[in-house]
Amino acid sequence: MRDESFTFDIVITGAGPAGIAAACAAAESGQHVALLDATPWLGGQVWRAEQLHPSEPNAQKWLAKLYGTRVTVMDQTNVIAFPKEKVLLAEHPSGPREIHWSKLILATGARELFLPFPGWTLPGVVGPAGLHVMAKHGWPVAGKQIVVAGTGPLLLVASAGIKKYGAEFLMIAEQAPRDKVTPFFRHVMRQPACAAKIPEIKQMLSSVSHRCGVWPVRADGQDRVERVTLTDGTQNWTLACDMLACSFHLVPNVELAMALGCELDAGFVQVDQRLQTSIPDVFCAGEPTGIGGSDCALVDGQVAGYCASDQVSKADACMEERASWQRFRHDMAATFTLRDEIKHLATDDTLLCRCEDVSLGRVRQHGSWRSAKLETRCGMGACQGRICGAASHVLFDQGMESVRPPLMPARVGALANAAVTD
Amino acid sequence: MNDSVELLVNGLPVSVPTGATVATAVAVAGVSRFRKSVFGQPRSPVCGMGVCMECRVTINGKMQSRSCQTICEPGMEVCTDA
């Protein structure tokens, strides 16, 4: 493997809406900007596969804008460590890359929150957003009977997207009560930015049963999910199905921020008005600062991109819009709070750590996440606590407290090169 | 550019649309078990975005490769943890 060294004025990690907007904004200054992404694709999760199959006008507009800049786009570039100040080490198929920066913008997005319940590890139990992305890349869903459950706007947005690939939905079960969900969506429908999605969601709901105040109890099947049991607290339903798409909203990807030592606030990256974190010259935009969706991320990205490139007056012009999205972030968080039953679906036998097969019962015996981790290996497997740690925060109010390099699985060669670098 | 890509999943030929991920190829091959967990449970992709690590298979001899993050190439040899 060759190792390569690069230097940029502004480096952005994550090529989703926030990262793309930040790159475009920063590039207006004429400085050297690099946009990194771990995947072979641009667009993050929400705009996945837009280069292959254009479908979102906003995504197409911003991708076109990006292509018109002189931003250096590095895909398949996975940040694994911050070996020195203002240097990051990334893995790329061709070899490790050492990237020097003056300003860094973290635009690492969010991931779905998965919580344990009996049967959650069966093949065919997926995240709704995950299944949407998988379907975009060809995963067969046509004619499949799918139950959707969990919480958040994702359930409806992802389902509407998956339906286009021919899936049949048996039920969409939202755990939040209808008297919270209905006002939220009514309010959302009034935002012009959200208007584009509404017709396809409404059309889907005309033929799919959408229940509120309903949550999953268990998934059953031999080697894959074959049926799902749901409840409203009074009665149960068991539905035979091919897949269960279930997640409980989103959690921010704060691992890079943690590795840099950025202060967190209630699990999100703490930022000031200029989207600067507690670490000088490190900015953060989009979901890691608060779950708000792609249009919110676009505004954040522009603010961070302008601020990181000293174009502060352009950033100020976006502030009013940002304030309005802050209110949306709060509304969404308040609507989709988890009911207590969701935290008690798993039994002692249910696995909490999927990578190391550690049951909830074994973890529960310990007083702290750290002790549980050291004794059971919960959180020490391949996902490094991303799945079980996030679940643990919900179940026990404690989970991943720190991250260690390599931040993602890396080849020994990449790390060896880092050690040798002066 | 061709519309489809031919590759092998557990030795069996599979055809997928250009741009499809290796995870898709495994599913199209009818394989529902991507990997075996520590205690032998069957597992398959969950998050679709490279975080959960359940989609790991062997691609062209390289083990622990995340199939949901890998685009299919002609002639690829994919092996699941059977």
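I began with salt bridges, counted here when a side-chain nitrogen of Lys or Arg is within 4 Å of a carboxyl oxygen of Asp or Glu. The model I am looking at is predicted, so I noted that local features need pLDDT of at least 70 and side-chain atom pairs pLDDT 80 or more, while totals for chains, interfaces and linings use all residues. Residues are numbered from 1 along each chain as its sequence is written, chains are lettered from A and ligands numbered from 1 in written order, and side-chain values use heavy atoms, leaving out hydrogens and water.

**Entry 1: salt bridges**

I found 18 salt bridges over all chains. I looked up A:R411 and saw that A:E91 is its partner, with the closest N and O atoms 2.9 Å apart. These two residues are 320 residues apart: A:R411 lies in the loop between helix 14 (386–396) and helix 15 (412–420) of chain A, and A:E91 in strand 5 of chain A. (Helices, H or I with at least four residues, and strands, E with at least two, are DSSP runs numbered from the N terminus.) I then checked burial, where buried means under 20% relative accessible area, exposed over 50% and partly exposed in between, with a 1.4 Å probe and protein chains only. A:E91 is buried at 11%, whereas A:R411 is partly exposed at 30%.

Next I took A:K86 and A:D281, whose side chains meet at 2.5 Å, N to O. This pair also links distant parts of the chain, 195 residues apart. A:K86 is in the loop between strand 4 (78–84) and strand 5 (87–92), and A:D281 in the loop between strand 18 (268–269) and strand 19 (282–284), both of chain A. I have A:K86 as partly exposed at 23% and A:D281 as partly exposed at 22%.

I also noted a network of salt bridges that links A:R354, A:D357, B:R35, B:R43 and B:E54.

**Entry 2: rings**

I counted aromatic pairs next, taking rings of Phe, Tyr and Trp (its six-membered ring) with centres within 6.5 Å; planes under 30 degrees apart are stacked, over 60 edge-to-face and the rest tilted. The rings of A:W139 and B:F34 are stacked, because their planes stand at 20°, with centres 5.9 Å apart. This pair crosses between chains, from the loop between helix 3 (128–136) and strand 9 (145–151) of chain A to the loop between helix 1 (22–28) and strand 3 (35–36) of chain B. I find A:W139 buried at 10% and B:F34 buried at 1%.

A:F184 and A:F185 make an edge-to-face pair, since their planes are at 80°, with centres 5.4 Å apart.

A charge sits over a ring if NZ of Lys or CZ of Arg is within 6 Å of the ring centre and within 35 degrees of the ring normal. I noted A:R354 over A:W120, 4.8 Å from the ring centre, and A:K65 over A:W62, at 4.2 Å.

**Entry 3: a sheet in chain B**

Chain B has an open sheet of five strands, in the order 2-1-7-5-6, with mixed pairing; two strands pair if DSSP finds at least two bridges between them. Strand 2 (12–17) and strand 6 (62–66) stand at the edges with a single partner strand each, so one side of each has no neighbour in the sheet. I followed strand 5 (residues 56–59) to strand 6 and found antiparallel pairing over three bridges. There B:V57 has B:S65 as its bridge partner.
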